[in-house]
Each structure stands twice: as C-alpha cells, then as structure tokens.
Amino acid sequence: MDAAPVVEVHELSRAFGRGSRRRLALDGVTLTAGAGEVLGLVGPNGAGKTTLLSCVLGLIFPTAGRVRVFGGDPCALSARRRLGYLPERLVFPRRVTARRFLQLQHALAGRPRARRATEVEAALTGAGLGVAAGKPLRTFSRGMLQRLGMAMATMGEPSLLVLDEPTSGMDPVGVRWVADLVGWLRQRGATVLLSSHQLDQVARLCDRVAFLRAGVLERIQELRGDGGFVMRLRGAGEPLSPELVGAAAASVGGRFLPPDGPAQRVAVEGDEMAADLLRALVDGGARVAEAARETAQLESLFFEGEKR
Amino acid sequence: MSALIWATARELLFGGRALILLLSPLISAAFVAAMEMATGTGAGLPSDLATLALTWCRELAPPTAVILGAGVIAGPLRSGEMVLWAVRPITLSAILVARVAGTWLATMTVLLLPWGLSLPLAQGSIPTAELVAAPLRAALASAAVLAPLALLSVLLPLAGDALAYVGLLIGLALARENVSGIAHRVLDELARFLFPSTGFVDELLTSGRCSLEDPLRWAALLSLALLVSCILLSRRELHYARSE
C-alpha cells in the first residue's frame with residue numbers, strides 16, 4: 001500500500017437544511033484510504049454513508065472540513081478520469097440499450113474512441129449481459145441493472161472505485177462476480193470505497209471497516225493485516241475435535257476461541273496464518289467441510305453501537 | 001461532449017417525447033379558438049373582460065404550452081441520471097451545454113423537418129432571403145435572451161433562475177417605453193420573439209397555408225423554452241444530488 005492516501009477526509013461535516021430544520025448528516029469525520037485498499041462503510045440507514053461518498057465524489061460540498069482525492073480537489077477532471085462510481089439508486093435511461101448506454105459512458109469517461117467497441121463488448125460480456133446487450137434497459141431486471149452499473153463503474157480500470165450497495169438485487173453468481181471484480185481491482189492497486197449493509201460481504205472484501213452512526217465516525221475496524229480475523233470451521237459429517245483444532249491453532253500461532261454451536265473458532269492474524277491453520281488441520285487428520293471468515297465480529301460491533 | 005449532445009437528441013427524437021412539441025401549438029391554438037367561440041357567442045361574459053381574457057390567452061397560451069412541453073422533454077434530468085454524468089471527467093457547464101444543444105437539435109429537427117418537406121408545396125412564394133433571415137433573426141434573438149439569463153442563473157442559484165426570467169421580461173417591457181430608434185427595434189423584435197402570435201396556426205388550419213416566418217419564430221420560442229427548462233431543471237437536479 002502506498003504511503004500517500006488516495007482518499008483523505010479530514011474533519012468533514014455536512015449539514016442539510018436551515019434553521020430548525022438543520023440536520024448534521026456528517027459530523028467531523030476523519031479517515032483515509034490508501035492505494036490497493038478496500039475500505040468498507042457500515043452503519044444504519046441515515047448514518048451518513050451516502051453523504052460521505054457524495055462528498056468524496058464531489059457531488060456535494062462539505063459544510064466544514066476537507067476532502068482530497070488523489071491529493072487534490074475531488075471535482076478536478078484529472079481525478080474524475082480515474083474514478084468509477086456505482087450509485088445506490090440506479091437511474092438509467094429506459095429506452096436505450098445496454099450497449100448504447102455503455103458506449104455513452106465510455107465516451108463520457110474520456111476513454112479512447114478506438115477502443116470503445118472492444119472495451120464495451122468486454123464489459124458487457126464480463127457482466128454476463130452479452131445476450132441482453134441489444135435490449136432496452138426498461139426490460140432489465142434489478143439485478144441486471146446492477147450488473148450494468150458495475151460494468152459502467154469499472155470501465156477503464158478506475159484507480160478509485162466508489163460502490164454504494166453494489167450487490168443489491170443481485171443473484172449469488174452476481175455477488176461472486178462483484179467480489180471477484182473488487183478483488184481483481186485491489187490487486188491492481190485500486191482503492192475501493194464500499195458502502196453496504198451486507199456485513200458478510202464487507203467482512204469478505206474489506207481491509208478496514210468504518211462504522212458510521214448519526215453522522216459520526218464511531219470506529220475503524222481492521223479486518224486484514226495486523227487486526228486479523230476469526231475463522232469459523234465446520235467438520236464434514238461430525239463436529240471437528242476441539243483438541244485437534246486447539247492444537248492446530250497453537251501450532252500456527254493462532255488463538256483457539258470458544259466454539260459457536262457445531263462451529264469451531266480460531267483467531268488468526270491474516271490470510272497466511274489462515275492457510276497454515278487449514279494445512280495443519282488437514283495434516284492432523286481433520287475433515288474440514290467449511291472454513292469461513294466470521295462476520296459475527298462485525299455484527300457484534302454493529303449492534304454494540306446500536307445499543308449505545 | 002458531442003456524445004452527450006447526440007445521446008440527448010436521440011433520446012428525445014426516438015423516445016416519443018419530442019412529439020409533445022408538435023402538439024403544444026395545436027393545443028394552445030385550440031384553446032384560443034374555444035375562447036373566441038365563447039366570446040363570439042356572448043356566453044355571459046362582460047365583453048371587456050372577455051376581450052381581455054382572449055388577449056391574455058392569445059399571448060400567454062403559446063409560451064405556457066411550450067414551457068410545459070419543455071418540462072416534459074427535460075424530464076429525465078430530474079430523475080438522477082445526471083449524477084452519473086457529473087462524476088465523469090466533464091464539467092457541469094459542458095453537461096448543461098451538451099444537454100441544451102441536444103434538446104435544441106431534437107426540437108429543431110421535429111419542428112423544421114415538416115416545414116422543410118412542405119416547402120416544395122409552397123409554390124415558390126417564399127423569398128429566398130427570408131429563408132435565411134428568419135432563422136438567423138431567431139438565433140440571434142435567442143442568444144440575446146439567453147446570455148443574461150444564463151449568467152444570472154449561474155450567479156444566483158435556484159431563485160435567481162426565476163428572477164432572471166421575470167426580470168428580463170419586466171425590463172424588456174419597461175425598456176420598450178423609453179427607448180427609440182434601433183434599440184426600440186431590437187427590443188420590439190425580442191418582445192415579438194417572446195410572445196409570438198398563434199395566428200400562423202389559425203391561418204394554417206383555415207387556409208392550409210401560412211408564411212414561414214411565424215413558424216420559425218415559434219421554433220425559436222421553443223428553443224428558448226427548452227433552454228430555460230434545461231437550466232432550471234438541471235439546477236434542481238444538482239439540488240437533489242446535494243440533499244441526498
């Protein structure tokens with residue numbers, strides 16, 4: 001990850017309305033996101049997630065504080081050339097075809113005209129919309145529109161991708177496609193800001209998660225790197241032996257945690273340790289049917305804030 | 001920007017919305033005709049009041065119908081689509097100009113194509129000079145009207161748009177009373193541009209023929225209404241994006 005942050009938000013406040021109707025949608029939010037990082041935004045409805053993203057995109061302006069993207073003004077055209085955006089509320093022209101829509105977006109994105117046909121067709125195929133490319137968007141389902149929106153947002157390999165509820169209305173295949181796409185962009189050094197209510201998705205995709213509530217940034221939780229995560233393990237047919245899992249955890253430096261029903265739990269410090277743990281379990285004779293990142297941590301943090 | 005111009009024009013032309021432009025003068029003409037019938041048959045209205053109402057209908061119905069039609073045409077701007085354009089590397093003013101140009105293009109195509117096609121039927125009665133002068137006059141007039149309007153619209157958000165339009169009309173009316181010579185002629189032309197007569201529609205409906213100048217003035221008025229609507233609606237759209 002580069003030292004210079006791609007997105008810098010410093011003491012950002014944004015108010016809507018005047019007088020007695022004045023409402024503070026964001027209140028002194030400070031955070032950064034670096035290159036190759038996926039930063040999740042989590043919070044209840046009305047927490048200020050979309051407002052924060054809109055400030056980062058330069059669609060709305062801060063009442064106080066500062067937002068910098070690629071070290072400069074988010075409204076700068078140079079910044080927008082490197083930007084991809086999928087809004088929560090998708091509003092597409094109803095009569096145009098998917099192909100025509102992406103061609104227009106390709107042109108607006110300032111991509112080379114000579115590569116338009118190739119890149120648009122690649123985007124359509126990648127989104128699984130090859131067959132429907134010639135159909136008007138009014139005939140598209142919600143999931144298909146969401147796929148089209150993702151294709152639009154990721155066109156031209158943006159350096160900063162802003163996704164607001166990207167998998168809303170998508171089938172499981174679409175959800176996996178989005179996850180793969182985000183992972184691929186991260187590997188290529190892109191920064192991704194992801195706002196979602198799907199905590200399992202956030203846990204799977206994000207390096208860090210920012211918890212917003214009533215416009216206030218409550219905390220930023222590390223999900224990868226130094227913070228580590230909790231793995232849930234389930235055996236094939238019968239529960240895994242706690243002794244075996246405990247020994248495997250100890251051998252790789254993980255921490256054996258109390259089980260949750262039939263699932264054993266181990267705290268690991270990163271992907272490498274998780275892989276070592278699985279190898280140790282298999283070598284020890286354990287028949288592992290399922291190994292997944294635990295989302296309960298995010299859920300508990302979410303509801304912890306809710307109680308406050 | 002050119003992509004957005006063509007996309008806008010295509011959307012309006014093939015989306016069916018531009019047909020409203022064709023209908024709006026007919027609707028207003030029908031309205032005026034109905035008022036004329038009501039006053040002509042003495043339908044209980046005091047004659048002075050009826051005449052006044054008829055005059056107002058004649059003068060206000062066309063621009064009202066046009067602006068309503070323009071509102072429908074510029075409707076997609078309200079929907080949130082503009083947010084997708086605003087995050088692209090294109091300035092807001094370029095988006096507005098492209099949207100306006102595309103709308104204007106569609107409007108002129110819809111309005112002038114039938115007239116162009118009917119020219120051979122006009123039995124050569126239209127002077128060539130008039131063919132050039134009328135659209136040029138309309139284009140100049142629209143530019144003269146739009147320049148201060150656009151400037152005020154940018155300087156004063158939202159309320160400034162309406163103020164600019166109303167202020168322009170009042171200023172025009174007052175100025176006409178106090179100037180003479182060429183300035184008076186220019187203002188007079190602008191006033192005629194802003195409040196054209198529906199006479200050409202009546203003439204067309206009764207005799208099947210009319211001069212080319214009036215329809216062109218109509219087209220120019222439509223262009224103005226569309227431009228105003230686009231500016232107003234675009235600003236509302238920005239407001240929508242900001243309050244999200």
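Start in strand β2 of chain A, where Glu8(A) has Thr32(A) as its bridge partner. In β4(A), the bridge partner of that Glu8(A) is Arg68(A). Before you click further, a word on what you're looking at: this is a predicted model, in which local features need pLDDT of at least 70, side-chain atom pairs count only at pLDDT 80 or more, and totals for chains, interfaces and linings use all residues. Residues are numbered from 1 along each chain as its sequence is written, while chains are lettered from A and ligands numbered from 1 in the order in which they are written.

**The sheet**

Helices (H or I, at least four residues) and strands (E, at least two) are DSSP runs, numbered from the N terminus. Two strands pair if DSSP finds at least two bridges between them. What order do the three strands take in the open sheet? The order is β2-β1-β4 of chain A, with antiparallel pairing. The edges are β2 (23-33) and β4 (64-69) of chain A, each pairing on one side only. On average, neighbouring strands here are turned by 25° against each other, direction ignored.

Look at the two pairings in turn. β1(A) and β2(A) run antiparallel and are joined by seven bridges. Strand β1 (residues 7-16) of chain A also pairs with β4(A) in the antiparallel sense, over five bridges. Strands of a sheet pair through backbone hydrogen bonds, either parallel or antiparallel.

Next, click Gly17(A) in the hairpin of β1(A) and β2(A): there are six residues between the strands, and Gly17(A) takes a positive phi near 80°.

Helix α1(A) lies across β1, β2 and β4 of chain A and runs at about 120° to β1(A). For such angles, axes are lines fitted to C-alpha atoms (for helices, over the stretch in contact), and angles run from 0 to 180 degrees between N-to-C directions.

**Helix α3 and its partners**

Select residues 98-108 of chain A, which is helix α3, together with helix α4 (residues 116-126): their axes come within 10 Å and cross at roughly 125°. α3(A) and α4(A) are therefore oblique to each other; angles under 35 degrees count as roughly parallel, over 145 as roughly antiparallel, 65 to 115 as roughly perpendicular and the rest as oblique. Show side chains for the contact: Ala98(A), Arg99(A), Leu102(A), Gln103(A) and His106(A) from α3(A), and Arg116(A), Glu119(A), Val120(A), Ala123(A) and Leu124(A) from α4(A). Two residues are in contact if their C-beta atoms, placed from the backbone, lie within 7 Å. By class, this contact of α3(A) with α4(A) has five nonpolar, two polar and three charged residues. Here Ala, Val, Leu, Ile, Met, Phe, Trp, Tyr, Cys and Pro count as nonpolar, Asp, Glu, Lys and Arg as charged, and the others, Gly among them, as polar.

Ala98(A), Phe101(A), Leu102(A) and Gln105(A) in α3(A) meet Leu148(A), Ala151(A) and Met152(A) in α5(A). That contact of α3(A) with α5(A) divides into six nonpolar, one polar and no charged residues.

Buried residues of α3(A) include Phe101(A), Leu104(A) and Leu108(A). A residue is buried if 20 or more other C-beta atoms (placed from the backbone) lie within 10 Å of its own, exposed if 12 or fewer, and partly exposed in between. After α3(A) comes Gly110(A), with a positive phi near 75°.

**A loop stop**

Go to Leu137(A), in the loop between α4 and α5 of chain A. Buried or partly exposed? Leu137(A) counts as partly exposed because it has 19 C-beta neighbours inside 10 Å. Leu137(A) and Phe101(A) are 36 residues apart in sequence and 8.8 Å apart in space, C-alpha to C-alpha. Leaving aside neighbours within four places in sequence, contacts of Leu137(A) include Phe92(A), Pro93(A), Val96(A) and Leu145(A).

**Last stops**

Select α5 (residues 142-154) and α6 (residues 172-187) of chain A: they pack at an angle of about 10°, with their axes 11 Å apart. α5(A) and α6(A) are therefore roughly parallel to each other.

Finally, colour chain B, which has ten helices and zero strands. Of its 244 residues, 34% count as buried.
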